[in-house]
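Colleague: I have just opened this entry, and I would like to learn how to read its features one by one. Could we go through them together?

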Amino acid sequence: MPQMKTNQERIIYYILCQIIYVEFDTPKPEKLETPYDYADKFDIVLIRWENGKPIGFYTVKPKGTEVYSTKEKYTMPVLDTAYIRSAYRNKGFGSEILLDIIKRFPDEDIGFSKPISNTMLKLLKNFLRNYKEYRLRFWEIADWDICGSQKLIWFSVKDKFL
């Protein structure tokens with residue numbers, strides 16, 4: 001997935017993030033889905049295209065990025081948001097996002113912003129079943145307490161969603 005660079009891509013990201021997601025795939029709090037903030041200026045934003053259409057995006061907070069509220073710094077790259085339009089779900093794009101993050105940060109642990117939606121937890125469980133080598137590299141992270149909040153995702157999902 002190419003990283004967002006142009007003003008046109010920024011507009012597309014805004015429309016996906018702030019309009020389409022909210023209006024057409026309305027976040028469901030009971031599934032731990034939340035509305036997204038617009039990405040911070042240091043975030044990496046990647047748009048997923050399919051046949052010339054923007055179908056989703058994901059954002060990553062790079063390692064070393066400062067958390068505004070605490071002044072702590074992220075100790076690993078953190079997947080902050082991920083969205084695939086509902087019409088394109090269950091086609092492997094979520095796994096593609098995880099593989100893309102691993103490719104971009106090959107020798108680093110990967111964080112996932114808390115709360116992690118139920119859908120993402122299911123994806124992570126299936127992914128970690130198939131890619132055992134990443135079980136000790138994926139962490140749940142709450143940005144208000146980076147050091148104290150890190151929790152290994154595999155221990156959270158291995159017995160769920162059977």
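**Reading the model feature by feature**

Modeller: Let us begin with a single side chain: Tyr-38 is partly exposed, since its relative accessible area is 37%, and that value, like everything we discuss here, comes from a predicted model.

Colleague: Where is Tyr-38 placed, and which residues is Tyr-38 in contact with, once its neighbours within four places in sequence are left aside?

Modeller: Tyr-38 sits in the loop between α1 and β1. With those sequence neighbours set aside, Tyr-38 is in contact with Arg-10, Tyr-13, Tyr-14 and Gln-18. The C-alpha atoms of Tyr-38 and Thr-59 are 9.7 Å apart, although 21 residues separate the two in sequence.

Colleague: How should I read a helix, and which residues are buried in α1?

Modeller: The general idea is that an α-helix has 3.6 residues a turn, so residues three or four places apart point the same way. In α1, the buried residues are Glu-9, Ile-12, Tyr-13, Leu-16, Cys-17, Ile-20 and Tyr-21, and what covers them includes β1 (44-50), β2 (53-61) and β3 (78-84). Helix α1 covers residues 7-24, and its 18 residues reach 24 Å from the first C-alpha to the last, close to the 26 Å expected at 1.5 Å a residue.

Colleague: At which residue does α1 bend?

Modeller: The bend in α1 is at Leu-16 and amounts to about 35°; Leu-16 is also one of the buried residues of that helix.

Colleague: When two helices meet, what should I look for, and at roughly what angle do the axes of α2 and α3 cross?

Modeller: One can look at the angle, the handedness and the residues that touch. The axes of α2 (residues 93-104) and α3 (residues 118-130) come within 10 Å and cross at roughly 65°, and the crossing is right-handed. On the α2 side the contact is made by Gly-94, Ser-95, Leu-98, Leu-99 and Ile-102, and on the α3 side by Leu-123, Leu-124 and Phe-127. By type, these residues divide into six nonpolar, two polar and no charged.

Colleague: Which elements cover the buried residues of α2, and which elements do those of α3 pack against?

Modeller: The buried residues of α2 are Phe-93, Ile-97, Leu-98, Asp-100, Ile-101 and Ile-102, and their cover includes β1, β2, β3, β4, α3 and β5. In α3, Met-120, Leu-121, Leu-123, Leu-124, Lys-125, Phe-127 and Leu-128 are buried, and they pack against β3, α2, β4 (110-113), β5 (138-141) and α5 (153-157).

Colleague: Could we follow one of those residues, Ile-101, and ask whether it is buried or exposed?

Modeller: Ile-101 counts as buried because its relative accessible area is 3%, and the cut-off for that word is under 20%. Apart from neighbours within four places in sequence, Ile-101 is in contact with Tyr-58, Leu-79 and Ile-110. Of these, Tyr-58 lies 43 residues away along the chain, yet its C-alpha atom is separated from that of Ile-101 by 9.7 Å.

Conventions: Residues numbered from 1 in each chain as written. Predicted model: local features only at pLDDT ≥ 70, side-chain atom pairs only at ≥ 80, totals over all residues. Heavy atoms only, no water. Axes fitted to C-alpha atoms, helices over the stretch in contact; angles between N-to-C directions. Helix = DSSP H or I, 4+ residues; strand = E, 2+ residues; numbered from the N terminus. Left-handed = near helix turned anticlockwise from the far one by under 90°. Contact = heavy atoms within 4.5 Å. Nonpolar A, V, L, I, M, F, W, Y, C, P; charged D, E, K, R; others polar. Expected span 1.5 Å × (residues − 1). Bend = angle between axes of the 7 residues up to and from the residue. Buried < 20%, exposed > 50% of the residue type's maximum accessible area, 1.4 Å probe, protein only.
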